[in-house]
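Let's walk through this one together, helix by helix, and then look at a few residues in detail. Have your viewer ready.

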Amino acid sequence: MISFKELGLVNTKEMFAKAVDGGYAIPGYNFNNMEQLQAIIQACAETKSPVILQVSAGARKYANQTMLRYMAQGAVQYAKELGAEIPIALHLDHGDSFELCKSCIEYGFSSVMIDGSHLPYEENVVLTKQVVDYAHQYDVVVEGELGVLAGVEDDVSAEAHTYTRPEEVEDFVKKTGVDSLAISIGTSHGAYKFKPGQKPEIRLDILSEIEKRIPGFPIVLHGSSSVPQDLIKMINEYGGKMEEAIGIPEDQLRKAAKSAVCKINIDSDGRLAMTAAIRKELAEHPEEFDPRKYLGPARELLRALYERKNIEVLGSADKA
């Protein structure tokens, strides 16, 4: 077993307390490879933003659990090399079992999510409390979830929303001891969140009611990619087929970030940026076979996207 503290990581307690008081949200950026991680650290170092590095169960299998440990440690040192003393947490996104959460804690994660939202309420409570009781022994924080998000992301999928019921949140937090709570208010996983002609809208009224019931408690929004249409256009221009991809308007996310929402998860936007840049480079330079020549521009576009998110959407710039 290795402690996250040995890797130079922090948990999210102080991050979230400051975010709730300051009216901004910490970025939860998912990564699967080196280029994505470099872009995240570059963007957050440049904007002086705290950051939560997020790894799904699928990403952990892809990158290897041992490699991830050293990548996270390297990320901390890389930020320092860039001249930025920024708080960095390593978080398991959508953990689906006690065993997976336990394994991540043993490999140096400073934060884990146990997603029991697909279970009956009481079973969700029992599973979440089991993870909390174990994690808190090692100062690792736990994110739980109430409500179900529609859409597909890695191994997580659901056909329809089940909005979080405000009347359950106080009981859930009290019984489980979770440190933060992911809620469902209309965001969804993946790039195809809404259909053409629909008006994308998240339920800020539900968020407001939840905030009244558990004032000051850290709230998390999953599935919060905005699916920038310029990236969709670039992907399609260079051979892609993503004509009906629509996401969450950034102005709504900014409103949420000014309230109790202190962590906003963004994954699909990063995938779109990298895919757009890679397609463009390979289309314009079909003779190229050096991965650095197309992964480099992809990393640069991703960095620019995340810098803008920190400054204009999340409000996390200069909060490190």
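In this predicted model, start where α6 and α7 touch: Y121, E122, N124, V125, T128, K129 and V132 on the α6 side meet E168, D171, F172, K175 and T176 on the α7 side. Sorted by class, that contact has four nonpolar, three polar and five charged residues. As for geometry, two packed helices are described by the angle between their axes and the distance between the axes. Here the axes of α6 (residues 121-135) and α7 (residues 166-176) come within 9 Å and cross at roughly 35 degrees. The crossing of α6 past α7 is right-handed.

Stay on α7 for a moment. Which of its residues are buried? They are P166, E168, V169, F172, V173 and T176. Seen around the axis, they cover an arc of only 130 degrees, so they sit on the same side of α7. Just after α7 comes G177, with a positive phi of about 80 degrees.

Helix α9 (residues 229-237) packs with α11 (residues 268-284) at an angle of about 35 degrees, the axes being 8 Å apart. The crossing of α9 past α11 is left-handed. On α9 the contact residues are L231, I232, M234 and I235, and they meet D269, L272, A273, T275, A276, A277, R279 and K280 on α11. By class, the α9 contact with α11 has eight nonpolar, one polar and three charged residues.

Next, the hydrophobic side of things. How many residues does the largest nonpolar core have? It has 91, and those with the most contacts inside it are F31, L53, I88, V112, L181, I219 and I264. Take I88 as an example: leaving out residues up to four places away in sequence, I88 touches L9, V10, M15, I41, V51, L53, A75, V76 and A79. There is also a second, separate core of eight residues, including F16, A19, Y24 and I52.

Let's zoom in on Y306, which lies in helix α12. With a relative accessible area of 1%, Y306 is buried, because the cut-off for that is under 20%. Setting aside neighbours within four places in sequence, Y306 is in contact with Y29, N30, I40, A43, I266 and G270. For some sense of scale, Y306 and S56 are 250 residues apart in sequence and 19 Å apart in space, C-alpha to C-alpha.

T47 is part of helix α2 (residues 34-47), and at 6% relative accessibility T47 counts as buried. Not counting residues up to four places away in sequence, T47 touches E307, N310, I311, A317 and D318.

Finally, some backbone angles to check in your viewer. Most residues other than glycine have a negative phi. N64, which is not a glycine, has a positive phi near 85 degrees. You'll find N64 in the loop between α3 (57-63) and α4 (65-81), partly exposed with a relative accessible area of 37%. D139 isn't a glycine either, and has a positive phi of about 65 degrees. D139 is in the loop between α6 and β5 (141-146), and at 26% relative accessibility D139 counts as partly exposed.

Conventions
Residues are numbered from 1 along each chain as its sequence is written. This is a predicted model: local features need pLDDT of at least 70, side-chain atom pairs count only at pLDDT 80 or more; totals for chains, interfaces and linings use all residues. Side-chain values use heavy atoms; hydrogens and water are left out. Axes are lines fitted to C-alpha atoms, for helices over the stretch in contact, and angles run from 0 to 180 degrees between N-to-C directions. Helices (H or I, at least four residues) and strands (E, at least two) are DSSP runs, numbered from the N terminus. A crossing is left-handed if the near helix is turned anticlockwise from the far one by less than a right angle, and right-handed if clockwise. Contact means heavy atoms within 4.5 Å. Ala, Val, Leu, Ile, Met, Phe, Trp, Tyr, Cys and Pro count as nonpolar, Asp, Glu, Lys and Arg as charged, and the others, Gly among them, as polar. A nonpolar core is a set of buried Ala, Val, Leu, Ile, Met, Phe, Trp, Tyr and Cys residues joined through side-chain atoms within 4.5 Å. Buried means under 20% relative accessible area, exposed over 50%, partly exposed in between (1.4 Å probe, protein chains only). The arc is that of the directions from the helix axis to the C-beta atoms.
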